[in-house]
Structure formats: structure tokens, C-alpha cells
Amino acid sequence: MNCYDNFELTSCEILDETYEGEGDKQIAKVKFVAKMTQVDSREKTAFQETSSFERAGKNIMGGAWLYKEGVIETAPGMPEPETAPKNLDEELKAQEEGQVGESKEEDGDESTAE
């Protein structure tokens, strides 16, 4: 199960598509707005994402597109979130490198300190 299992996708509008390169070196960028409804509360929400794709090579379905990365932003007309990473890929990489996520001791929580 993932976080999107709790949402119904009500619309997905492509705002922009660009392509660079040719053949199996081709890269695409797609900007879209996804509108969703939370299943339990029926709250409506949306996000904007710019996704990058690259060709998988001719040996996979004649050159299928593979998702490479995405930058998630606030959708037009939606309130800015209080805290959200601008680029989830960069946020996850920073966590893996130990740059994000201070220990409880450093956050001032003395309950775990000896």
C-alpha cells in the first residue's frame, strides 16, 4: 500500500511537454497538475509535478519511456504547504547521506539522553 491508495485521482491535466535528443537518447519533461479526493474525508487536494523520462532502449517495447525523476510543487490555486521538500529525490538522497533528520538529543528532547 502507498500513500496514493487513500486518494481517488479525479483529473490529470498536462500543462507542458518538451523533448530533447533523438532515438534511445531522447529525454522528455512533462509538467502536469493532478487533482485528487481523499477517500475517507472527501477532502480535495492537488499537486503539480514536472517529471523527467528517458527512453529505455529499443529492446524494451521498442523504446518505452522510463520515469527518471520528478519535482513536486504546489498546484496553482492551492495553499503553500508549511513544510514540503521541493524535490523528493534530493530529500531522500540527503537523508541517506545523513544531512537531514537530527537526533532527538539535538532537537532538545532529553528523554533519550543519558
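How many bridges join E1 to E2, and do these strands run parallel or antiparallel?

Mentor: E1 and E2 are joined by 12 bridges, and they run antiparallel. Strands here are DSSP runs of E with at least two residues, helices are runs of H or I with at least four, and both are numbered from the N terminus. Two strands count as paired if DSSP finds at least two bridges between them.

First, the ground rules. This is a predicted model, so local features need pLDDT of at least 70 and side-chain atom pairs count only at pLDDT 80 or more, while totals for chains, interfaces and linings use all residues. Residues are numbered from 1 along each chain as its sequence is written, and side-chain values use heavy atoms, with hydrogens and water left out.

Back to the pairing. E1 (7-20) and E2 form a hairpin with six residues between them. In the turn, Gly21 has a positive phi of about 80°. Glu20 stands opposite Ile27 in E2.

Gln26 also lies in the loop between E1 and E2. Its relative accessible area is 16%, so Gln26 is buried (under 20%; exposed is over 50%, partly exposed in between; 1.4 Å probe, protein chains only). Leaving out residues up to four places away in sequence, Gln26 touches Tyr19, Glu20 and Gly21, then Phe53, Glu54 and Arg55, and also Trp65. A contact means heavy atoms within 4.5 Å.

Now the sheet around the hairpin. Four strands form an open sheet in the order E1-E2-E3-E4, with antiparallel pairing. E1 and E4 (65-74) are the edge strands, each pairing on one side only. Neighbouring strands are turned by 25° against each other on average, direction ignored. The axes are lines fitted to C-alpha atoms (for helices, over the stretch in contact), and angles run from 0 to 180 degrees between N-to-C directions. In general, strands of a sheet pair through backbone hydrogen bonds.

Next, the loop between E2 (27-38) and E3 (44-55), where Arg42 is found. Phi of Arg42 is near 70°, a positive value in a residue other than glycine. Most residues other than glycine have a negative phi. Arg42 counts as partly exposed because its relative accessibility is 45%.

Ser51 is in strand E3. At 2% relative accessibility, Ser51 counts as buried. Residues up to four places away in sequence aside, Ser51 touches Ala28, Lys29, Val30 and Phe32, plus Tyr67, Glu69 and Gly70. The C-alpha atoms of Ser51 and Lys68 are separated by 7.4 Å, though the two are 17 residues apart along the chain. The side chains of Ser51 and Glu49 make a polar contact of 2.9 Å. That term means a pair of N or O atoms within 3.5 Å; within protein, one must be able to donate a hydrogen and the other to accept it, and residues adjacent in sequence count only if both atoms are side-chain atoms.

Last, the whole chain. The elements run β-β-β-β-α from the N terminus on. Of its 114 residues, 18% count as buried. Among contacts between residues at least 6 apart in sequence, 33% join residues at least 24 apart. The average pLDDT (the predictor's confidence in each residue, from 0 to 100) is 81, and 76% of the residues score at least 70. Over residues 101-114, pLDDT stays under 50, and the model has six contacts beyond four places in sequence for that stretch.
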